[in-house]
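Below is a short report on a protein–DNA model. The structure comes first, then the reading of it.

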Number of protein chains: 2
Amino acid sequence: MESQQPLPEQRENAEPAGSAPALPSDLLTVSASLFRRHGYAGTTTRQLAAAMGIGKASLYHYIDTKEDLLYTLCVRSLETITDQVRAAVERSDPPERVSAMIAAHVRSMLHDQDMHAVMLLELRSLSRPRLDDVISRRDRYESNVESVLAHGQRAGMIRTDIKSRHLALGLLNLLNWTIFWYRLSGELNPDEVVTMMRTIFLDGVRPPQTT
Amino acid sequence: MESQQPLPEQRENAEPAGSAPALPSDLLTVSASLFRRHGYAGTTTRQLAAAMGIGKASLYHYIDTKEDLLYTLCVRSLETITDQVRAAVERSDPPERVSAMIAAHVRSMLHDQDMHAVMLLELRSLSRPRLDDVISRRDRYESNVESVLAHGQRAGMIRTDIKSRHLALGLLNLLNWTIFWYRLSGELNPDEVVTMMRTIFLDGVRPPQTT
DNA sequence: GTCTATATTAGGATAGAC
DNA sequence: GTCTATCCTAATATAGAC
């Protein structure tokens, strides 16, 4: 329950219906890295090709437009985190579910920082109708988070003077933006981030009453 | 102490030494709005000119390069929030200072959402040496936040089992990213956001012990 | 302070050979 | 699956008149 399962390499063409187009995974890795560093609009197809070690034109063997890369990354990001959080919640006992959700969300974020950062920050660069598709996937994920919190409220584990919707927004604020400052090479490992986020969100920062 | 003071209109050329270049405030407002909506790289000088109601070339009467706008917005954002939070903290009694900081930070964010969102999200598009300048201003602001929390720890108001640096990162996560979902037209007003953020950060989400 | 006109560079994307 | 060459559009920025 504490170990990060090795995220399975996505096999090409192992694509479920309604999912993102299959693309070579190294192309997605490279795109995520560049989009994160320079932004989607700030990344050129020349940079992408260079980072792949191929000519600019060869890129168009894999994609139709640059936006395909962004769309695929956004969909993959939401599918990944949705699956991982759902699995973690389902395998936990009800009183532990909020805690398990926090751990799974943080671990997914930190394991695939570039991809998730691109989803969070570059989503707005998508054009319709793919923009709407990704937004609705994101809203669905956020509803899942809210629903775990709402169950916690009904079970008496979570305070009820704040709406579950607002608790979900607060929790996602707290967890998501860790990608802005977290570095694997830094002083914290992912488990320490999980512990810290659980403490702040569940107990707050006032000193524990050791009365 | 609860009322938002009307942020003074910046008079043109009322620029303190070492500050951002003076630019017409409507140009900054328009830039902030477009940069937030489309990103810095995704916003064209044509869009900026059109939104100002002038021709594309006229823009260059006010600026040398598009980046001037981004730089000015970033500097202004950090100067504004630094001043407002400092003032709020100084006029509060020590036990209230963390609470006052949360209120001032959130109110500034929500009052100037576009400007602060651009600073948070588009900073990376600056080129050196202005990038380094803005980063060091941001780091200084974050140090101020950390230092208020560290004082709270020494005064016994804040738990000491998490380093003040990490508490600051957690708090800024929680507060900053509200700009992603907060809308003035929504169901929450700024004071309600302040209350909610204070509750989550200070007390956590477990039900209050009414033993 | 604004305009028309334009220079210049760089962008995404395609054609068609190998 | 990759290449060279190129198209076309749009970008930032400037020149110089009003």
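Leaving aside neighbours within four places in sequence, which residues is B:Phe35 in contact with? They are B:Tyr40, B:Thr43, B:Leu70, B:Val118 and B:Glu122. Contact here means that the C-beta atoms of two residues, placed from the backbone, lie within 7 Å.

This is a predicted model: local features need pLDDT of at least 70, side-chain atom pairs count only at pLDDT 80 or more, and totals for chains, interfaces and linings use all residues. Residues are numbered from 1 along each chain as its sequence is written, while chains are lettered from A and ligands numbered from 1 in the order in which they are written.

**Around B:Phe35**

B:Phe35 sits in helix H1 (residues 25-38) of chain B. Helices (H or I, at least four residues) and strands (E, at least two) are DSSP runs, numbered from the N terminus. B:Phe35 has 26 C-beta neighbours inside 10 Å, so it counts as buried. The cut-offs are 20 or more other C-beta atoms within 10 Å for buried, 12 or fewer for exposed, and partly exposed in between, with C-beta atoms placed from the backbone. B:Val118 lies 83 residues away from B:Phe35 in sequence, yet their C-alpha atoms are 6.4 Å apart.

**Chain A as a whole**

Chain A has eight helices and zero strands. Its box of C-alpha atoms is roughly 70 × 35 × 30 Å along the principal axes. Buried residues are 36% of the 211 in chain A. Of the contacts in chain A with a separation of 6 or more, 68% join residues 24 or more positions apart.

A:Pro129 lies in the loop between helix H5 (113-122) and helix H6 (130-154) of chain A. B:Pro129 lies in the loop between helix H5 (113-122) and helix H6 (130-154) of chain B.

| Peptide bond | Form | Omega |
|---|---|---|
| A:Arg128 to A:Pro129 | cis | near 5° |
| B:Arg128 to B:Pro129 | cis | near 0° |

**How the chains pair**

A rotation of 180° with 0.0 Å of shift along its axis puts chain A on chain B, at RMSD 0.0 Å. That is the relation of a two-fold axis. A:Gly204 is the residue of chain A closest to the axis, at 1.9 Å (C-alpha).

The contact takes 30 residues from chain A and 30 residues from chain B. On chain A, H7 (164-176) and H8 (190-203) each supply at least two residues of the side that touches chain B. H7(A) gives the largest share, seven residues. By class, that side of chain A holds 16 nonpolar, eleven polar and three charged residues. Ala, Val, Leu, Ile, Met, Phe, Trp, Tyr, Cys and Pro count as nonpolar, Asp, Glu, Lys and Arg as charged, and the others, Gly among them, as polar. The copies meet through the same surface, because 100% of the interface residues of chain A are also interface residues in chain B.

**The DNA strands**

A residue is near a strand if its C-beta atom, placed from the backbone, lies within 6 Å of it. DNA strand D has 15 residues around it, and A:Gly55, A:Ala57, A:His61, B:Ala57 and B:Thr65 come nearest. DNA strand C has 14, with A:Thr44, A:Ala57, A:Thr65, B:Gly55 and B:Ala57 nearest.

Conventions. Copies are superposed by least squares on the C-alpha atoms of residues with pLDDT of at least 70 in both.
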